[in-house]
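Trainee: Could you take me closely through one part of this model, and then through the aromatic rings that belong to the same picture?

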Amino acid sequence: MAGRSSARQPSPSVVKRPPLYTPEERRRRDETVWTLVQGILAPIQFVVFLVSLVLVVRYLATGAGESAATISIVAKTMILYTIMITGAIWEKVVFGCYLFARPFFWEDVFSFLVLALHTIYLWGLLTGSLSVEQQMYVALAAYATYVVNATQFLLKLRAARLQAEAEAAEAAAGSAQ
């Protein structure tokens with residue numbers, strides 16, 4: 001092929017992402033009680049989600065346990081509202097804004113979808129505008145988005161841990177020189 005260079009093009013440089021936390025943000029994260037609150041609420045929410053998921057699927061499969069499934073969805077929704085409010089406070093303390101801080105922008109966007117679906121469930125329950133089966137399917141949709149959102153946050157926690165390890169290794173290498 002005339003006119004084309006057979007030399008390999010260099011691979012594009014790896015895009016380095018900004019750190020998840022600046023040193024000051026990390027200090028605020030580590031010092032605020034809201035980090036502990038989030039650390040307690042998140043696993044509680046997950047356990048309530050698992051129990052509720054079983055109850056909802058049981059109801060849809062057998063028709064039994066409507067009240068238990070309904071109570072569990074309402075409980076999951078109330079915990080979700082609580083974790084959203086306390087999470088917004090946590091972001092304000094750590095990043096200076098209640099929501100959509102740079103490192104958690106997409107997690108917050110998806111959290112609003114999770115919140116919207118849970119709220120639609122409550123609206124359907126309270127107004128009777130959705131049948132029980134429709135309510136349960138809305139709950140399942142809310143739960144599916146919750147799983148995606150929880151995964152986002154777990155990946156972010158992993159990224160924070162890896163960042164801390166990398167910074168510790170750099171500090172150790174710098175002090176060894």
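**A helix and its aromatic rings**

Mentor: At 38% relative accessibility, Phe46 counts as partly exposed, where buried means under 20% relative accessible area, exposed over 50% and partly exposed in between, with a 1.4 Å probe and protein chains only. Phe49, by contrast, has 5% relative accessibility and therefore counts as buried. This is a predicted model, in which local features need pLDDT of at least 70 and side-chain atom pairs count only at pLDDT 80 or more, while totals for chains, interfaces and linings use all residues. Residues are numbered from 1 along each chain as its sequence is written, and side-chain values use heavy atoms, leaving out hydrogens and water.

Phe46 and Phe49 are three residues apart in helix 2, which means that about one helical turn separates them; helices here are DSSP runs of H or I with at least four residues, numbered from the N terminus. An α-helix has 3.6 residues a turn, so residues three or four places apart point the same way. Helix 2 covers residues 33-62, and its 30 residues should span 44 Å at 1.5 Å a residue, which agrees with the 43 Å between its end C-alpha atoms; the expected span is 1.5 Å times one less than the number of residues.

At the N-terminal end, Thr32 caps helix 2 with a side-chain oxygen that lies 3.2 Å from the backbone nitrogen of Trp34. After helix 2 comes Gly63, with a positive phi near 80°. The buried residues of helix 2, among them Gln38, Leu41, Phe49 and Tyr59, pack against helix 3 (66-95) and helix 5 (132-176).

Turning to the rings, the structure holds 12 aromatic pairs, where rings of Phe, Tyr and Trp (its six-membered ring) pair if their centres lie within 6.5 Å, and planes under 30 degrees apart count as stacked, over 60 as edge-to-face and the rest as tilted. Phe46 and Phe49 form a tilted pair, 5.7 Å centre to centre with 40° between the planes. Trp90 and Phe104 form an edge-to-face pair, at 5.5 Å centre to centre and 85° between the planes. Because Trp90 lies in helix 3 and Phe104 in the loop between helix 3 and helix 4 (105-127), this pair ties together parts that are 14 residues apart in sequence. Trp90 is buried, with a relative accessible area of 10%, and Phe104 counts as buried at 6% relative accessibility. Ring pairs also link Tyr21, Trp90, Phe95, Phe104 and Phe153 into a cluster.

Terms used: Helix = DSSP H or I, 4+ residues; strand = E, 2+ residues; numbered from the N terminus. Contact = heavy atoms within 4.5 Å. Polar contact = N/O pair within 3.5 Å; in protein donor to acceptor, adjacent residues only side chain to side chain.
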